[in-house]
Protein chains: 2
Amino acid sequence: MSLTIDDIREASDRIAPYIHQTPLLRMKNLDAFLGCEVYVKLESMQVTNAFKIRGVMNKVLQLSDEALEKGIIATSSGNHGKAIAFAAKQLGINATVVVPDSGSAFKADAIEALGAELVRADVNERFDVTETLAEKYDYTIIPPFDDYDVMAGQGTVGLEIVKQHESLDYVILPTSGGGLLASTSTAIKHSPVDTKVYGAEPANLPKYSESLARGERTKISRQKTIADALVSDQPGERNFPIVQENVDGMLAVADEFILKAMKLLFMEGKIVAEPSSSVGAGAVLEGVIEVSAEDKVCFVISGGNVGLDMLKEVDY
Amino acid sequence: MSLTIDDIREASDRIAPYIHQTPLLRMKNLDAFLGCEVYVKLESMQVTNAFKIRGVMNKVLQLSDEALEKGIIATSSGNHGKAIAFAAKQLGINATVVVPDSGSAFKADAIEALGAELVRADVNERFDVTETLAEKYDYTIIPPFDDYDVMAGQGTVGLEIVKQHESLDYVILPTSGGGLLASTSTAIKHSPVDTKVYGAEPANLPKYSESLARGERTKISRQKTIADALVSDQPGERNFPIVQENVDGMLAVADEFILKAMKLLFMEGKIVAEPSSSVGAGAVLEGVIEVSAEDKVCFVISGGNVGLDMLKEVDY
């Protein structure tokens, strides 16, 4: 098994009726702040406000009728959970989402509002709880990133980007387990464009930076970060080798600059980005990557997981 | 004097180097909430985050060298003031903005940051203060809406809309003095499209609704509204007859629904709109206008005047 651009093209046809093609916008108002020609790919305007639905839908649409009848399950405190709930609702099947009992009420409410069954579990036991339930009820577990079908769906972000703009210099993607990064870089690097692809991750959880430096998947010690959707502590098994092959570099970004970027996107761009998807702009603000005024730099903005409660915490 | 679509076309050429063409986006995620096919024209992504710069720039670019050397002045607590300051900075001339001493610090800071001189005045004396200063220093007063050159610039919003989508059923515009409404409706109604144009205003300050019903400009008693950029208490003298001729109707919207719309745009659309530019979506939420699932409805979203402080007041 592997991931090819043809897999991504097939996924694109498969999921098209269920997802939106999201806008790629030129954001001139941000140029002066980021020192480059700024573009944003607004996956925040995707169904469920995040790219996650692309991967989930591609996976679920390939399940057998029997598996669909039993239902699906996932462990997620956020965007993946919303995607699971939405996909199940669209297809009229059952979905269970296991959320950590420490998670934000805002996120859990959004998942429940879409009709999924919520199961609360201790944060350290949540994956075990998911497996136990899956076994007991014959649910299919839908992984958030470490899966070729999920990746093929997520990679449609890359197909859209190259279709919408063929001469971008950089695409910078928020990175946790590496699903979006591996798949989108596959789509871009196998298209006739000359675009560099970078992943951006919290400096407090630099699993990809460390793993790429060592040449092997490395589990790092868990630290807190404001980017609460980017909390994987190691690269995904299937994602890592693809990232190794395709990606031009990783950017580890301090929480301080992730927050600054979120405020910048809000105040000057008038778009809502969760901290986890402000990490790319944060990298440029912090100077972790050097860009010039002529560089066309596209930031993928995803994530519905910012409530007004989050903004209330931001001191401007 | 009057306002023609040719004036607006000339303004479009004149101001092009200084402004952005803003995106007109299809927002499918909002359809279910508003019961129609939702489009937004994002003037919030305009220079200074509001359409005001279009009118100001068209006016200032036609001033004599002598007038430019003296400088410009305006009374404004918000977007118009920011536009004045930005235009002056671009052209290297002096600008003075008279703000009410009761206004928000966020707004005044934004104007000052652009390099304009701030003068604070009692809210009831601010127009007198502006005139006194204009006379003393030979400044040119730049009106916010009641001016043909300003309107010609603002009407470029309408030119862009019909260029970006030729089969919209409705365009709904936030309305205060009527500059945007008069000018944009002129552009749309004199283009080969079949689009209805509505103005939306706070129910607490229904100056256009009342004036149109009576057939004459009517000054109404001043009441508070959350839509703090829509506080004119009567239609502009030059704006009113144009609105009478072009506009299909006015929508008076309760503050409660203005706020609901602002939250909807934020939570589901992931775009930042100030209350004053959430008024159109509020009209649909409140049911002040009936739209059907097939109707293509475009809301003009303007306004940088929402700080995080404003969102903190919103209870979600």
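Predicted model: local features only at pLDDT ≥ 70, side-chain atom pairs only at ≥ 80, totals over all residues.
Biologist: Let's start with the overall build of chain A: how does its radius of gyration compare with what the globule rule gives for 316 residues?

Modeller: Chain A holds 15 helices and 10 strands. For 316 residues the globule rule gives 20 Å, and the radius of gyration of chain A is close to that, so the chain is as compact as a globular protein of that length. The C-alpha trace spans about 55 × 45 × 40 Å along its principal axes. The radius of gyration itself is 18 Å.

Biologist: And what percentage of the residues of chain A count as buried?

Modeller: A residue needs 20 or more other C-beta atoms within 10 Å of its own to be called buried. Of the 316 residues of chain A, the share that passes is 55%.

Biologist: How far apart are the centres of the two domains of chain A?

Modeller: The domain assignment gives domain 1 as 5–51 + 148–313 and domain 2 as 53–141. Taken over C-alpha atoms, the centres of domain 1 and domain 2 of chain A are separated by 24 Å.

Biologist: Which element gives the most to the side of domain 1 of chain A that touches domain 2 of chain A?

Modeller: The contact takes 25 residues from domain 1 of chain A and 18 residues from domain 2 of chain A. On the domain 1 side, the elements giving two or more residues are helix 1 (5–15), helix 8 (148–154) and helix 9 (156–164) of chain A. That side divides into 12 nonpolar, 10 polar and 3 charged residues. With 6 residues, the element that gives the most is helix 8 of chain A.

Biologist: Now a backbone detail: is Lys270(A) buried or exposed?

Modeller: Phi of Lys270(A) is near 60 degrees, a positive value in a residue other than glycine. Lys270(A) sits in the loop between helix 13 (255–267) and helix 14 (279–286) of chain A. Because 24 other C-beta atoms lie within 10 Å, Lys270(A) is buried.

Biologist: What about Asp138(B), buried or exposed?

Modeller: Asp138(B) also has a phi near 60 degrees, again a positive value in a residue other than glycine. Its place is the loop between helix 7 (126–137) and strand 6 (140–141) of chain B. The cut-off for this class is 12 or fewer neighbours. Asp138(B) has 11 C-beta neighbours inside 10 Å, so it counts as exposed.

Biologist: How far apart are the end C-alpha atoms of helix 13 of chain B?

Modeller: Helix 13 of chain B covers residues 255–267, which makes 13 residues. At 1.5 Å a residue the helix should span 18 Å, and the distance between its end C-alpha atoms agrees, at 18 Å.

Biologist: Which elements do the buried residues of that helix 13 of chain B pack against?

Modeller: The buried residues are Phe257(B), Ile258(B), Ala261(B), Met262(B), Leu264(B), Leu265(B) and Phe266(B). They pack against helix 2 (31–34), strand 8 (196–202), strand 9 (249–253) and helix 14 (279–286) of chain B.

Biologist: One more: which residues does Thr22(B) touch, not counting those up to four places away in sequence?

Modeller: Thr22(B) lies in the loop between helix 1 (5–15) and strand 1 (24–26) of chain B. With 25 C-beta neighbours inside 10 Å, Thr22(B) counts as buried. Its C-alpha atom is separated by 30 Å from that of Asn204(B), 182 residues apart along the chain. The residues that Thr22(B) touches are Lys41(B), Leu42(B), Glu43(B), Met45(B) and Gln46(B).

Methods: Residues numbered from 1 in each chain as written. Chains lettered and ligands numbered in written order. Helix = DSSP H or I, 4+ residues; strand = E, 2+ residues; numbered from the N terminus. Domains from an automatic or database assignment. Contact = placed C-beta atoms within 7 Å. Nonpolar A, V, L, I, M, F, W, Y, C, P; charged D, E, K, R; others polar. Expected span 1.5 Å × (residues − 1). Rg over C-alpha atoms; globule rule 2.2 N^0.38 Å.
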